[in-house]
Every structure is written in structure tokens, then in C-alpha cells.
Amino acid sequence: MKGLAGKTAVVTGSSRGIGRAISLDLARNGVVVAMMASKPSRRAKNSLKIIQKYSPGSKLFFARIENRVEVEALVRKIKINFGRVDFLINNAGINHDKTLVKMTYFDWDEVINVNLTGTFNMIKNVLPIVNKNGRIINISSIVGIGGAYGQVNYAASKAGIIGLTKSLAKELAKQKITVNAICPGYTKTDMLKTIPNKILIERLLPQIPLRRLAEPSEIASIVTFLCSKNASYITGEILPVDGGLL
Ligand SMILES: NC(=O)c1ccc[n+]([C@@H]2O[C@H](COP(=O)([O-])OP(=O)(O)OC[C@H]3O[C@@H](n4cnc5c(N)ncnc54)[C@H](OP(=O)(O)O)[C@@H]3O)[C@@H](O)[C@H]2O)c1
């Protein structure tokens, strides 16, 4: 992809799932990646090893994105290791699915704090070190557009990311930084394991025109495109990647 070699990216939630696929795709295109997870784990370490095969300068950092103090400390470390960065990919996210009647205040607070406030915390702290012509890409969800049964907290957090993206695109245009959001459909990761198999096969799959789940690499390739020079005139866009579901 055009214009990516030698650039630097911060990717949250890159220990596994979509974030790992994003880090891998960027690394294969010559980008040095500051990978990020909430805590040390064997999977995070393995993911780093795989990404370093393609981009030896890549490193792994830890912070809970909902915690401002941890994010500030993380960004200080990124600055020491990388100086400035070109791309910020806000991918980390969680779900606690229940109907509103059963949803606890903890379920609401934690999902909003991690998904929405975490995205804000990352942008607020990383923005001062983002280069001109940089890119901010937020991973929202089709649920943020269409809603979903049992996901009022998750849907609200992902809809919030859409509003944040559209507003920030207008604010950062003068700095030549583009801001876009991707809305994945159902994608094969740990997060999907929270949906019972029966519901997935009998209710959700038949609604997807392409009749299959997304591979994490199919979300990652769109992130890489949005980081490339080919996407230099796209900002404030909300892009579903959902097999035709919406
Ligand atoms: N999978 C889907 O069907 C789907 C559909 C639409 C949108 N999305 C969105 O895509 C993004 C990635 O999802 P995924 O399916 O790849 O999820 P996943 O496999 O569950 O991975 C989640 C990632 O987020 C990190 N994370 C979780 N809580 C965090 C916190 N408090 N602070 C920092 N990092 C944290 C995890 O790090 P640890 O390993 O340290 O826990 C992990 O790297 C999410 O924003 C999700 O909402 C997913």
C-alpha cells in the first residue's frame, strides 16, 4: 500500500483479535507498531513476536485505556521509544451483553468507560505527538448504527465513537489529520464467543447477505487502506465492513 513504509502506528487492543490483525497488516506494509494491551499475557507476547518478524522495531505496551493516569504514562513511554507517530488506531473494546432490565450499573459504566472514554483518553494524549497528514481510525461497530438486542451499553458506546469521529474530523482537518471510523460486522474473535453458537447460526448468520462472519484480516485491510496515501481525501467517514448486513 502506498506511502506506509517507515511510518509509526499506535494500535490499542492488539494482543489478539482485530487489533492483532491490524498490527500485522500494518507491519507487513513496513509500519513500526506500538502495540497495546490492558495487561501482560502469553497471547500478547506471541502477537508481538509475530509482528516483529515483519517490523522488528515494533514494541508492546500496557495500559487500561479507561484509566487516564495509565494512558498518560503509556504515551510518555511511546514518545521516548518512537518520538512522533503517524497513525492512531483505537481498537480496544469490551462488551457486557444483557437486556437493560438485567444490566447492572457496573455493566453500563465499564463498557462506556473502556469503549468511549478510553478512546477519548487515547486521542487526547496521543494527538500532541501525531504528525501532520496523520490518521486517527476508530473501531466502532454496526451495532453503533443499528443497535442490537442486549447491547444498550455497547451500542451507546459505539454510537458515541461515531459522533466523536465526525466532530473530531472537522476539528483536525486544518492540521491535515484525517479521522474515520470503521464499523465491523460479526467478526471471528474472542468477543464473538460471548454470543451463544445457536443464536449465531440460527439468528445472526441468515441475516448476513454474504452468509459468513468476517475474518479479522478483512477489517485490518480497510484500516491499512485508510492509513495509506490512497485515502488522503477521506475524513469524517463511518465505514461499515459487514458483509452487507446493514
Ligand atoms: N468481533 C466482532 O464481531 C466485532 C464487531 C464489531 C466491532 N468490534 C470491535 O472491534 C474491536 C476489537 O474487538 P475484538 O473482537 O478483536 O475483541 P477481542 O478479541 O476481545 O480483543 C479485545 C482487545 O482489547 C483489549 N482491551 C480490552 N479491554 C481493555 C482495556 N480496558 N484497556 C486496554 N485494552 C483493552 C484486549 O487486551 P487484553 O488482551 O489485555 O485483554 C484485547 O487486545 C472492539 O472495539 C470491538 O468492539 C468487534
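**Figure 1. Lining of the second largest pocket in the predicted model.** The second largest pocket of this predicted model is lined by 17 residues. Nearest its centre lie N133, R135, K176, T178 and S232. The space in the second largest pocket comes to about 280 Å³. Sorted by class, the lining holds six charged, six polar and five nonpolar residues. Two strands, β4 (85-90) and β5 (130-139), each supply at least two residues of this lining. The biggest share comes from β5, which gives three residues.

Figure 2. Most residues other than glycine have a negative phi. N133 has a positive phi of about 65 degrees, yet it is not a glycine. This residue lies in strand β5. K176 also has a positive phi, near 60 degrees, and is a residue other than glycine. Where does K176 lie? K176 is found in the loop between α6 (152-172) and β6 (178-184). Look back at the pocket view: N133 and K176 are among the residues nearest the centre of the second largest pocket.

**Figure 3. Helix α1 beside helix α2.** Two packed helices are described by the angle between their axes and the distance between the axes. Helix α1 covers residues 17-28, and helix α2 covers residues 42-54. Their axes come within 8 Å and cross at roughly 15 degrees. Angles under 35 degrees count as roughly parallel, so α1 and α2 are roughly parallel to each other. Their crossing is right-handed. On the α1 side, the contact is made by R20, S23, L24, A27 and R28. On the α2 side, S47, I50, I51 and Y54 take part. The contact of α1 with α2 has two charged, two polar and five nonpolar residues.

**Figure 4. Helix α1 against helix α8.** Here α1 packs with helix α8, which spans residues 216-227. The axes of α1 and α8 are 8 Å apart, and the angle is about 50 degrees. The two helices are therefore oblique to each other. The crossing of α1 and α8 is right-handed. Which residues of α1 meet α8? They are G17, I18, A21, I22, D25 and L26. Their partners in α8 are P216, S217, I219, A220, S221, V223, T224 and C227. By class, this contact of α1 with α8 has nine nonpolar, four polar and one charged residues.

**Figure 5. Helix α3 and helix α4 in contact.** Helix α3 runs over residues 68-82, and helix α4 over residues 105-126. The axes of α3 and α4 come within 10 Å. They cross at roughly 35 degrees. The crossing of α3 and α4 is right-handed. From α3, the contact uses R68, V71, E72, L74 and V75. From α4, it uses N121, M122, N125 and V126. How many residues of each class does the contact of α3 with α4 have? There are five nonpolar, two polar and two charged residues.

Technical notes: Residues are numbered from 1 along each chain as its sequence is written. This is a predicted model: local features need pLDDT of at least 70, side-chain atom pairs count only at pLDDT 80 or more; totals for chains, interfaces and linings use all residues. Side-chain values use heavy atoms; hydrogens and water are left out. Axes are lines fitted to C-alpha atoms, for helices over the stretch in contact, and angles run from 0 to 180 degrees between N-to-C directions. Helices (H or I, at least four residues) and strands (E, at least two) are DSSP runs, numbered from the N terminus. A crossing is left-handed if the near helix is turned anticlockwise from the far one by less than a right angle, and right-handed if clockwise. Contact means heavy atoms within 4.5 Å. Ala, Val, Leu, Ile, Met, Phe, Trp, Tyr, Cys and Pro count as nonpolar, Asp, Glu, Lys and Arg as charged, and the others, Gly among them, as polar. On a 1 Å grid over the protein atoms alone, a cavity is a set of points where a 1.4 Å probe fits but cannot get out, and a pocket is an open set with protein on both sides within 12 Å along at least five of seven lines; lining residues have an atom within 4 Å of a point. Grid points are joined across faces, edges and corners, and a volume is the space filled by probe spheres set on the points. Angles under 35 degrees count as roughly parallel, over 145 as roughly antiparallel, 65 to 115 as roughly perpendicular and the rest as oblique.
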